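Please read the following note beside the sequence and the three-dimensional view.

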Amino acid sequence: MKPAPFEYHRPASLAETFDLLDRYGDDGRLLAGGQSLVPALNMRLATPRAVIDINRLPGLDAITLGPEGLVIGALARHEAVERSPLVREHAPLLALAMPHVGHEAIRTRGTVGGSLALADPAAELPACAVALDATVRVEGRHGRREVAAADFFRGVYTTALAPGELVTGLVVPAAAGWRSAFQELARRHGDFALAGLAARARVESAGVVEARLVFFGVGAAPVRARGAERTLAGRRADAEAIAAARDALAGELDPPGDVHGSPALRRHLAGVLLARALTQLVAVRP
Ligand SMILES: Cc1cc2nc3c(=O)[nH]c(=O)nc-3n(C[C@H](O)[C@H](O)[C@H](O)COP(=O)(O)OP(=O)(O)OC[C@H]3O[C@@H](n4cnc5c(N)ncnc54)[C@H](O)[C@@H]3O)c2cc1C
């Protein structure tokens, strides 16, 4: 199919973008990498009056290190994040996660801002943002807001973005001493996950001091497994601790069922991913 006719705008500044968002309201859609929007247009699942192409907004594709931490611009492509030495050093969880996002051709176009704004419950980046205690940088005509990722994702395709705002970046605070592990199960590599886990932990002598365990594909938004985190804190991550964490996890997940998998299957897979991630996190490192 072909998209329904729409007006096309390519603003050159944020101010111009805000004007267009004001002018079209719900009838205007931002276009970033287009990897989700363009199929929706072509299938006429989305029929906006105007498409507002933000690809020429200056500076929004930068990945920089500042006093607030690592700042990844909304227009940074998944592939740029995957290959960035700054990301590898300061947010290795993102470097581990990116190869799981679709296929390489998709990652060369898809953007960080698009993925955060779309808030697909099976997407990797939102879960990583929560696990990293990151904030989503949001801007509108009335200024800039920094929204904790944990508060940004409100439900299926639903975020804390207000009308007239766009995502301009992701800010990842410094976190010395944390290790990262990323696990995902999908039917084929590049498919959206049946279940996935973005995990971080502070580890001392094979014991977990503190952990962040954020699952995706098992709820309407990223799910932080606080019960499993508490079960592990201050313990050696041996078989007994892992089993206890899996029990705690099973009690706190309420995954959806669909044609791809039942709730019971997703709950089981989440437990498997938890065991794998913990084994990685506490493995002795050179
Ligand atoms: C075959 C295939 C497989 C895929 N597999 C995965 C996968 O495994 N994991 C995954 O996470 N994604 C996957 N994707 C989606 C891909 O990662 C997209 O890049 C991403 O979801 C959206 O980013 P985008 O830049 O392409 O956004 P677009 O498609 O341009 O926009 C998506 C939505 O976000 C809005 N938007 C875009 N940028 C902003 C902004 N800065 N502020 C506010 N709103 C904005 C748009 O208006 C639109 O509603 C897949 C896509 C395809 C086609």
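1. The lining of the largest pocket has 21 nonpolar, 19 polar and seven charged residues. Here Ala, Val, Leu, Ile, Met, Phe, Trp, Tyr, Cys and Pro count as nonpolar, Asp, Glu, Lys and Arg as charged, and the others, Gly among them, as polar.

2. This is a predicted model, in which local features need pLDDT of at least 70 and side-chain atom pairs count only at pLDDT 80 or more, while totals for chains, interfaces and linings use all residues. Residues are numbered from 1 along each chain as its sequence is written, and side-chain values use heavy atoms, without hydrogens and water.

3. The largest pocket has a volume of about 1500 Å³. A pocket is an open set of points, on a 1 Å grid over the protein atoms alone, where a 1.4 Å probe fits, with protein on both sides within 12 Å along at least five of seven lines; lining residues have an atom within 4 Å of a point. A volume is the space filled by probe spheres set on the points, which are joined across faces, edges and corners.

4. Among the 47 lining residues of this pocket, Arg 29, Ser 36, Gly 114, Ala 117 and Leu 118 lie nearest its centre. The largest share of the lining, five residues, comes from helix α7 (helices are DSSP runs of H or I with at least four residues, strands runs of E with at least two, numbered from the N terminus).

5. An open sheet has three strands in the order β1-β3-β2, with parallel pairing (two strands pair if DSSP finds at least two bridges between them). Its edge strands are β1 (7-9) and β2.
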